[in-house]
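Please keep the sequence and the three-dimensional view at hand while reading.

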Amino acid sequence: MDETMATAKEAEPRNSYVRVAFASFIGTAVEFYDFYIFGLATALFIGPLFFPSTNPEAQTLLTFLTFGVAFVARPVGSALFGHFGDRIGRKTTLVASLLIMGISTTLIGFLPTYYSIGFIAPILLCILRFGQGLGLGGEWGGAALLATENAPKGKRALFGMFPQLGPPIGFVAACGIFIAIEQMLTTEAVNSWGWRIPFILSSVLVIVGLYVRLSIIESPAFKKLEQSEEQVQIPLMEMFTKHTKMLAVGSISMVACYTLFFIITVFSLQYGTVTTHVYTRTEYLVMLSIAVMFMAIASPISALLCDRYGRKPILLLSYFIIMAAGLLFGMSVTSGNVARTTIYLSFGLFAMGFNFAPMGAFLSEIFPTQVRYTGASMTYNLGGILGGSLPPFAITYLMGFEKGIYYVGYYLAVVGIISFIAITFSKETKDIDLMEN
């Protein structure tokens with residue numbers, strides 16, 4: 001009887017490892033492309049197009065706050081998609097999150113501007129930005145679970161890295177599109193209608209992502225949970241009542257990563273091209289495109305080290321690198337030297353990749369199957385709120401000082417220290433069994 005059950009278990013259909021890796025990667029690549037094109041547009045176009053120009057400082061702050069709207073929406077998406085991901089399955093929920101993100105992004109490309117319909121334009125923009133955040137709030141956690149719950153033994157961090165490869169590829173694609181329209185169109189055309197192209201092209205990428213997502217089957221861990229009928233009625237409540245410590249640890253651990261991303265990409269781009277005019281848009285986008293490849297390079301290095309030595313020591317090391325990036329920020333972005341700035345941006349995004357790659361495994365492993373989708377998504381996105389929404393306020397304040405650009409870097413270093421402290425309260429999760437946890 002036991003042999004028959006074992007044979008039946010072996011005969012159960014499973015996702016191929018290649019399909020798992022690609023499906024977890026492609027969805028996040030598409031969704032982060034959507035997210036990044038808004039970030040780049042925030043630094044380059046959104047302010048003059050959607051907010052009055054009577055007060056430049058207010059316009060800049062409102063522009064960055066619009067960028068932050070999605071970070072507020074992401075925990076809502078985490079709770080919503082996490083609930084259904086833990087109740088009815090990972091696959092269906094991942095398809096829904098991709099659709100919401102893609103539709104919201106595409107519609108931004110058709111929005112009228114402030115000079116066409118007045119204050120209604122930024123309101124509609126914020127609504128669609130909220131939709132972007134809602135979709136992304138449910139995307140990452142599901143993609144991380146898709147990868148880790150299907151991973152071969154001893155390679156969970158490596159497979160959990162694949163969703164983290166989506167962001168650098170999405171970023172390169174976003175930069176490439178903006179560089180192309182800058183080169184092919186006049187400045188007047190770009191500011192008039194060319195900025196819409198990257199948003200509208202998202203619809204094509206979403207179709208590709210949906211095709212891949214629909215080809216996968218449910219993960220073994222969730223199928224076991226479903227067969228045992230042990231799903232909890234309200235995963236969010238279960239997480240807040242029984243897993244508060246890990247919710248706090250996971251969330252704070254993500255803050256440094258998001259703060260680093262905002263400062264290195266969105267803020268430094270705006271500072272270098274709009275505030276100081278040291279670089280042209282194309283120059284800085286090329287520099288960022290080169291730098292983000294180092295984020296991709298850092299990811300497998302960090303993941304392999306995590307599978308060998310554990311999550312905790314590698315994450316602690318990553319925060320030291322982020323602190324160094326913060327201390328070097330001011331002197332690097334004010335240099336006016338393309339090579340020096342590119343090297344710094346590469347170092348900063350290497351630090352992000354080194355920190356970001358282990359999160360797919362770590363945030364999935366600190367929660368049991370019943371609340372894993374909710375927990376991983378919520379910690380990831382609560383960290384996003386603190387790391388993505390607070391910097392616009394902090395930076396606006398710090399830039400009011402004579403050496404404000406240096407203080408922005410010190411702010412990043414302090415955030416790195418806070419995330420470092422949070423990880424010291426975590427347990428090592430490398431050897432736990434996700435089927436039994």
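Is H277 buried or exposed? The model discussed here is predicted, and in it H277 has a relative accessible area of 59%. The cut-off for the exposed class is over 50%, so H277 is exposed. This residue is placed in the loop between helix 13 (244–275) and helix 14 (281–309). H277 is not a glycine, yet its phi is positive, at about 55°.

**Helix pairs**

Two packed helices are described by the angle between their axes and the distance between the axes. Two pairs that involve helix 2 (residues 17–50) are set out below.

| Pair | Axis distance | Crossing angle |
|---|---|---|
| Helix 2 and helix 10 | within 9 Å | roughly 165° |
| Helix 2 and helix 3 | 8 Å | about 155° |

Angles over 145 degrees count as roughly antiparallel. Helix 2 and helix 10 (residues 197–213) are therefore roughly antiparallel to each other, and their crossing is left-handed. Among the residues that make this contact are F22, I26, Y33 and F38 of helix 2, together with P198, F199, L205 and R213 of helix 10.

Helix 2 and helix 3 are likewise described as roughly antiparallel, because their angle passes that cut-off. The crossing of helix 2 and helix 3 is right-handed. On the helix 2 side the meeting residues are F35, F38, G39, T42, I46, G47 and P48. On the helix 3 side they are Q59, T63, F64, T66, F67, A70, F71 and R74.

**Two residues of helix 3**

Helix 3 covers residues 56–87 and contains S78. The relative accessible area of S78 is 0%, so this residue is buried. What does the side chain of S78 reach? It reaches the backbone oxygen of S377, at 3.0 Å. Beyond residues up to four places away in sequence, S78 touches H83, G137, G138, S377, M378 and N381.

G68 is also placed in helix 3. With a relative accessible area of 5%, G68 is buried. Between G68 and E283 there are 215 residues of separation in sequence, and their C-alpha atoms lie 25 Å apart in space.

**Helix 6**

Helix 6 has 29 residues (120–148). At 1.5 Å a residue, helix 6 should span 42 Å, and its end C-alpha atoms are 43 Å apart, which agrees. Helix 6 is mostly covered, as 23 of its 29 residues are buried.

**Helix 20**

How far apart are the end C-alpha atoms of helix 20? They are 31 Å apart, which agrees with the 30 Å that its 21 residues (404–424) should span at 1.5 Å a residue. The buried residues of helix 20 include G404, I405, V408, Y411, L412 and I423. Its buried residues pack against helix 13, helix 15 (311–333), helix 17 (359–365) and helix 19 (390–398).

F420 has its place in helix 20. Leaving aside neighbours within four places in sequence, F420 is in contact with L316, Y319, F320 and M323. F420 and L317 are 103 residues apart in sequence, while the distance between their C-alpha atoms is 8.7 Å.

Notes
Residues numbered from 1 in each chain as written. Predicted model: local features only at pLDDT ≥ 70, side-chain atom pairs only at ≥ 80, totals over all residues. Heavy atoms only, no water. Helix = DSSP H or I, 4+ residues; strand = E, 2+ residues; numbered from the N terminus. Buried < 20%, exposed > 50% of the residue type's maximum accessible area, 1.4 Å probe, protein only. Polar contact = N/O pair within 3.5 Å; in protein donor to acceptor, adjacent residues only side chain to side chain. Contact = heavy atoms within 4.5 Å. Expected span 1.5 Å × (residues − 1). Axes fitted to C-alpha atoms, helices over the stretch in contact; angles between N-to-C directions. Parallel < 35°, antiparallel > 145°, perpendicular 65-115°, else oblique. Left-handed = near helix turned anticlockwise from the far one by under 90°.
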